Amino acid sequence: MKNLEIAVSEIKQTLPGLELMENEPMREHCSFRIGGPVRALAVPSDTGSLAKICYLLKKHHLAPYILGNGTNILFPDEGLKDLFIISTAKLGKIFMMGDDAIYAEAGVSLAKLAGFAQQNGLTGLEFASGIPGSVGGGVIMNAGAYDGELKDAVESVVFYYLPEQRLYEMPHDNCAFGYRSSFFQKTPGCVILSAVFRLKKGSGEEIAAKMRELNQRRREKQPLDLPSAGSAFRRPEGGYAAALIDQAGLKGCSIGGAQVSEKHAGFVVNTGGATSHDVYDLMMHIRKTVYENSGTVLEPEMIILPPDYALQDNGPQIPLHHISGGPEAETAAAGSGDDTGKG
């Protein structure tokens, strides 16, 4: 792919200090420990560098794939030689905004976010302390557990919109949060940069105790000792995927190194040496068997690559207020090399 090679070369020249891994095996960057090489994996240390990478890719009619902590994704064994990935792992700023709000960048782990809230006597994120994802990925999918969801705490989200190469800030009410979904998930080209979480004051000791209780429940019920991508399937209306899989007699079922967890039927785990084909074939077998047994069609919750990740050069206009002030907006605009904001 000639354009990609030119773009990689230009990015290396323009950002000499950028952490850029070429032909990088993705098994090293996801919780499933499965996946072949991608053409390039960039890990920018700030939003300005991320914006410049996006600008240079778009200049060559390319779109990056944005990766958070890689905890809900299945990469193909064959690799993706025409894919440029940007990881938000180094976007790790987190600080208090007043007495009851937290600003956190996309790369902050949800465990760190919950711990930071507890340390500052803020309640409302205890459920997130054991979720392995990041703020960026968590916001996109409205991560949740034990009757809690991020939507209950998010006040606003700052994101970079690839088709327009612009920053936007979206208030909670416009984020269209739903069960494991959001505006950002349904709108291709949104790169979460940060979020503000509005919480309530509480007792630090009581918050810590609740976190310990939930994490103990998680350790007892979930196969945390084996690589996985979390829940394999979305919760179907009126039921639970794990219960339907268990009722279909599939707990412990395996194909190659992929297995329906014997501890929790909602998880597909890598027992050692599993390939992406093993996981995919097992998931298709689960869907077929559950449908035949109950009439319910299970939908994957994990992201299975390759998707149709290419973006159109001229994306839709987002009816939001462009951020015109603040250090983040100024940095990203300068880094993009495009102050018009047009795609």
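Me: What counts as an aromatic pair, and how many are found in the whole structure?

Reply: Rings of Phe, Tyr and Trp (its six-membered ring) pair if their centres lie within 6.5 Å; planes under 30 degrees apart are stacked, over 60 edge-to-face, and the rest tilted. A search of the whole structure finds 6 aromatic pairs. This is a predicted model: local features need pLDDT of at least 70, side-chain atom pairs count only at pLDDT 80 or more, and totals for chains, interfaces and linings use all residues. Residues are numbered from 1 along each chain as its sequence is written, and side-chain values use heavy atoms, leaving out hydrogens and water.

Me: Why is the pair of Phe159 and Tyr168 stacked?

Reply: A pair of aromatic rings is described by the distance of the centres and the angle of the planes. The planes of Phe159 and Tyr168 meet at 25 degrees, with the centres 5.7 Å apart, so this pair is stacked.

Me: How do Phe159 and Phe183 pair?

Reply: They are tilted, at 6.4 Å centre to centre and 55 degrees between the planes. Phe159 lies in strand S11 (residues 154-161) and Phe183 in helix H5 (residues 183-186), so the pair ties together parts 24 residues apart in sequence. Helices (H or I, at least four residues) and strands (E, at least two) are DSSP runs, numbered from the N terminus.

Me: Is Phe159 buried or exposed?

Reply: Buried means under 20% relative accessible area, exposed over 50%, partly exposed in between (1.4 Å probe, protein chains only). Phe159 is buried, at 0%. Tyr168 is buried too, at 2%.

Me: Which residues form the aromatic cluster?

Reply: Phe159, Tyr161, Tyr168, Phe183 and Phe184 form one cluster.
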